[in-house]
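Morning, everyone. Please have a look at the model on the screen. I'll take a helix pair, then the chain contact, then confidence.

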Amino acid sequence: MKASRREFAKLVTASGIALSLSRLALANEPGFAARETLPGRQRWNPAATGAGRIDGVAKVTGAKLYASDFRAADLPGWPAHTAHAMLIRTANAMHIYEGVDLTRLSGALKPSVIVTAADLARIGARVPKFYTGDLFCPVGKTPLYLGQPAALLIYESFDAFDQARLALRNEALLKFGAETGPVVERDYGAFRFTRVAGATPDAPDVCSPVKDGWVSPGFFQDGGGPIWARLPVPTGAAYASAASYGEQIRAELDANAPSLLVLDREFETQSVDPMFLEPECGLAWYDADRKNLELVLGVQSPYDAATSVATLLGNARANFKPAHINAHFAYMGGGFGGRDHTPFPLYVALAAMFLRRPVRLAQDRYQQFQGGIKRHAFKIHTRIGVDRATGKISAFAADHVLDGGGLANYSASVAAVSANAAIGIYDVPKVDVTTVALHSRGVTAGSMRGYGTLQTMTALEVLIDEAASTLAIDPIEFRRRNALRTGGRTMAGNTYDVVVRTPEILDRLEQHAIWRHRAEEKARGRRAGSVVGTGVACVTKDYGSGADASLSLVEVDPEGRISIRCDHVEMGNGIGTALANRVAAHLGAVADEVAVAEVDRFGALGLVTTGDPYTMDQATQDAAQRNPRWVPAISSPTSSSIGAHVGTHSASEAARVIFRFGLWPAALELWGLAPTDPRAARWEAARWEQGRLTMPELRPLPLSEIAARAHARKGVTAAMAHSFSRWAWSKATFAIGGQAWTAEIDALAVRKGSGKFVRLDRADVKYPPTVFNRIGTSYTSLCGALVRVEIERATGALRIDRAYTVLECGRALTPEIVLGQAQGGFAMGVGYALLESLPLYEDGPGNGQWNLGQYLIARGSDLPLQGLEIEVLPPLPNDPPKGMAEVVMIPIVPALLNAIFDATGRRFQALPVTQQMLKGALT
Amino acid sequence: MTTVRMRINGRAYGPVTVRDELTMNDFLRERLGLTGTKFGCGAGQCLSCAVIIDDPDGTSHTSPTCIVPAASFNGKSIRTVEGHATNGELTALQRSFIDHFAFQCGYCTAGFLNEGQVLLERLAKTPVARADLEKTIADAFDGHLCRCTGYIKYHEAVRDVILADPGRYLT
C-alpha cells in the first residue's frame, strides 16, 4: 500500500512542461549517461562470470557515479562553473517565524540569491499534493515542523559558500516572535482492520477488510485524533460494522475468562534515521534561453521526482516555467526507503530556477539529520488472548499511534501496512487493529526499510515470547502451533499468493545448535560471571506495494552483446546485476551494459496513465484499459523490496520475446530445422550451457552466431516491455510474427534486425481486479532468527556471541547479494535494537545539531563478524524471485529482546535497549 | 591563506593557496575533482572520507579528510581510491572486494579500500600470527561505518588476500 502517485499524462498536459528523464545526448566525452551505464561495453564485467557486480569496477576505482560526484564541469554542454546553495532550516516550531536576520548575512556571508516563501508565492510555485505544506515557512507563521526550510541561500563561489556554512552552523539566522506552541493539524490517516473468521477454516469470514472494504473512523477529535468508538456517523456504516465486531473482540479479551491467558502490553519504538552514507544532493541548471531545466539527482523515486518538479513549476510565471525538464538519475550511496518521495529535489530545482546558472545543493550530515526522512516512532498497545488448554491464539487487539512528523509523506500508508503486519506469521481468528498516523512538529517520517512492520512485528514477537513462557510452552513450538499455513487467511482476509514456508523456517531454528545448546550456554555464562540468553523470532514481510510497475528494454546486437535499460534504481541493492542475471537465463549471457534509473527510454510504448491505481474502482479501470496505451501506473519507486520481483520482471519478459521470436527462429535456421519439424515447437526445452544454446542431438550454438543470424533475417533483436502488478501480474496477448503471445506484461514494442521499435497493440488485457486493493499483501517472504547474547553483569555491556538467520526468497538472482543484504539487515537490526535513537522534538535532529558523534549505528565491533550464520532455503520448484531486503532485518530486533529477557529476566518494552538500561536491569 | 604542495597518487600538486579552514575533503572534491573520496559526516566519524598518507619513514596510515584542513596536508604524499589501480590493473584488494561482493551501495568503499591497503602493507612489513588475524582486521576496520553490508564481506575480502599469500603477511 502506498499513497497515490502523480498522473504522468495528466500532469504533463496540465503543466505544459515536457519531461525527459535521463540524458543530454550532447556528449563528446564521457557524459552522465555513459558514466552511469555499467560496466560499459568492452570493459571487464565481473558479473559475467558470477564473480562480482556489474558496478564492481566503478565502485572500487572511485568512478564518478553518485549524484554528489557531479559538478557542472562534468556535464557536457553545461557552463563549467558550479554555484552552491544551502537550505536554512528552522530549529524552532513553537514560535512565530519573523524572517531571516539579513544583518547576519553581510560581507563575506552575503549570498547572491536568497529564496524564501515570499519568492515562491511571487513566482506562482505550486506544492505537489504529496508534499503538501509550505516548502518554506512564511513569515508570520509558526513553522510546521522542526527542520522546515525557511530560506535557500545561493553563493556563486564555493569559497563563499564554505565560509558561510561554517559561520552559520551555530548562528541564530532566523528570527522568531511570540510563542504559539506547536501547529496542530489533523491526522494523516486512520484505519481499522477487523477480521472475524468463519466457524471453520473453509467458511467465509464473518467480517474482514477484503470482504467488507477498508474502513476509517469518520469523526475526529479537536486535537487531531480519531474517535475509535462505534459512532452513528452518516457515512460510516461500514466503519460502524467493523467497529462493532472489534468491540466484541475486545470485550472477549476483557472478560477475564479463566480459560484464556490475556496479556495486555504497551510497546514503544523510537525515531531513527536511515543514515544512508551519501547525504541527499542534487545539481541543476536552468538554461533560461532554452527554457530548459537540467537536474542531476539521486533518489529512489525518479519518476516522482521529475513529475513533482513539473508540478512545482507548471503554473509558475512565464520566466519561472521551464518548457523542458531533463532529469538525470545517478547511483545512490544508500537509500533504505529514505530517498523514496523526498521533497529534496524540489529545492534543487528551485535553486536553479532562481540562479539560472548551474547550482549544487548538498546537505551535510547535520542537515541530513535535520531534514531527512525518518522512521516512524510508534506507541503500540496490544492485547492477546491465548487458550490455555490448546496454546492457540484466539483473539488479538491492538492500537497503534505513529508520530508522522511535519509532513504527511507516506505516513498513512505506513500506518496501514504496519497494521496489516500486526499478527505477523500467525493465524488468528479474531483480530481488531486500529492505527493512526499523527502530525507532529517532529522531522517528517516516511518510508524506511521495514515500513512500520519492523515496529509492529517487534512488539508482536516479544509478546509471543512472553505468552509462550507464561504458558510454559517452548517458544518455537508455540509459534508452530499458531503459524498461518499456506491457504490460510491473513488478517485482511485474503490468502497469500505464495507458499508459506513457516514450518520449514521454524524447524531450522529448532534444530540449530544455538537453540539446542541454550541451557548449557546459560550455565556457562553463570560460571563466567556474565549472563547469557538466547532469543528467537520469526517474521514475514510483504514485498510489493500493491501497485507496482516495471519498465525495461533489452537489446542483442549482431555480435551477441546484450544491453539492458530499466526504470528501477541502484542504491546498493544490486538491481543492475540482478537484471543481468535474470536476462542471462533467457539469452545465454550476462549483459555488457546495464543502465538503471531510466524512465524516458520507453517512448515507443506510448504509455499513458490516469487515475490512482490504489483507489480506482473497477468500472474506471475497465473503461481506461480500452485504450491500449493505458496502464495503471507507468513507473514505480525502487522500494518495498520489489527489486528482484518487479524491477527485473519486464526485462525477463522482454528477453523471453527476443528469444522466442528472434534467437529461436535463427537457431532453427542454423540447425537446418524446418518450421514444420516437431522440434521447432520445443523452444522451451532449449537450454543455455556456457553461452551456447543446446538441444539434444543438435550442434550447440554460440549466442554470437545466433544473434548474427537473427539480425540478418530481421528477427526480433530488441524488446521493451511494461508490466503492472496489483498483488498479481497483469496479462495481455500480442501478435508477433503471426503468432499470439500471451505474457505477464501490458505493453510491448519490438525491434526487428536493426530497425526501429514498433509498438504492438495488446489484446485481451487482464488487469488484477481493483478489489485487490483491499488486500494487505499477497506476496510475502519469511525470515527467522536466533541470537545468543552475553551481558557483563558489572557494566551491562552486551556482546552478540552467535546468531543465525534463516530466510527464503524464492529464486535468488544474485545469491551473494542476498547474503550481503541479510548480513546488512542484521547490522541494521542490531543498531535499531540497541543503539539508534532520535528524540522527537526540540532535542532531536530537527535542531540541526545531530551527527554521528551522538547517533550511533552498528560498527563492526558491535557485530558477531565470525559468529553470524545465514541460511537461504533453496527455492521451491517454479518459485519466482521474491523480495527479501526488508524481512531480513526484522526478526533480529525481537530476537535480541527475547535473548535479553532470557539473560536478564527483564522484558524491555521500549527501544533501544542501551547498555545503561541493561546495567540497571542487572543490579 | 596557506600555500600548499602535495603529492596525490604520485602526482605533484601545487603550489596552490588554500583558505586555512578549507577541508582536505573539499580540496580533493571541489578543487581537484577527485570525488572518489567521499563526504559522509563531516565529523570524522564514518571514515568514508579517509585517504592514505604515505609517511617519509616508509610507513602509511589513513586519515579522515572531512575535518582536517587541506593546509595540514602540505608536503604530504597521499593516495586516494583513484590511485590504487595502475594502468587499469586492479590491485589484489580491489579484485577481492569485487570477488566477495564486499560492498553494496559502495559509498564507504574508498575508505575501506584505503584502510585495507594500509593494513596489507603494514602486515607485509610486520606480519602477524594467523591466530591474531581476525582481530587485526577487525581492529583496522573498526570505525569505518557501512550501512549496507554488515562488514562481514569486507573482512572476508581482505582476509582472503592475506591468506592467499601467507608467507608475505603472516608469521
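Two residues are in contact when their C-beta atoms, placed from the backbone, lie within 7 Å. Helices here are DSSP runs (H or I, at least four residues; strands are E, at least two), numbered from the N terminus. This is a predicted model: local features need pLDDT of at least 70, side-chain atom pairs count only at pLDDT 80 or more, and totals for chains, interfaces and linings use all residues. Residues are numbered from 1 along each chain as its sequence is written, with chains lettered from A and ligands numbered from 1 in the order in which they are written.

First, the helix pair. In α3(B), Phe112(B), Gly116(B), Leu119(B), Leu120(B) and Leu123(B) meet Tyr154(B), Val158(B), Val161(B) and Ile162(B) of α5(B). By class, that is eight nonpolar residues, one polar and no charged. Nonpolar covers Ala, Val, Leu, Ile, Met, Phe, Trp, Tyr, Cys and Pro; charged covers Asp, Glu, Lys and Arg; the others, Gly among them, are polar.

Next, the two chains. Chain B puts 48 residues in contact with 49 of chain A. On the chain B side, α2(B) gives the most, with four residues. That side has 23 nonpolar, 15 polar and ten charged residues.

Last, confidence. pLDDT is the predictor's confidence in each residue, from 0 to 100. Chain A averages 94, and 95% of the residues score at least 70. Residues 1-14 of chain A fall below 50. Residues 23-28 of chain A stay under 50 too. Where pLDDT is low, the predicted coordinates should not be read in detail.
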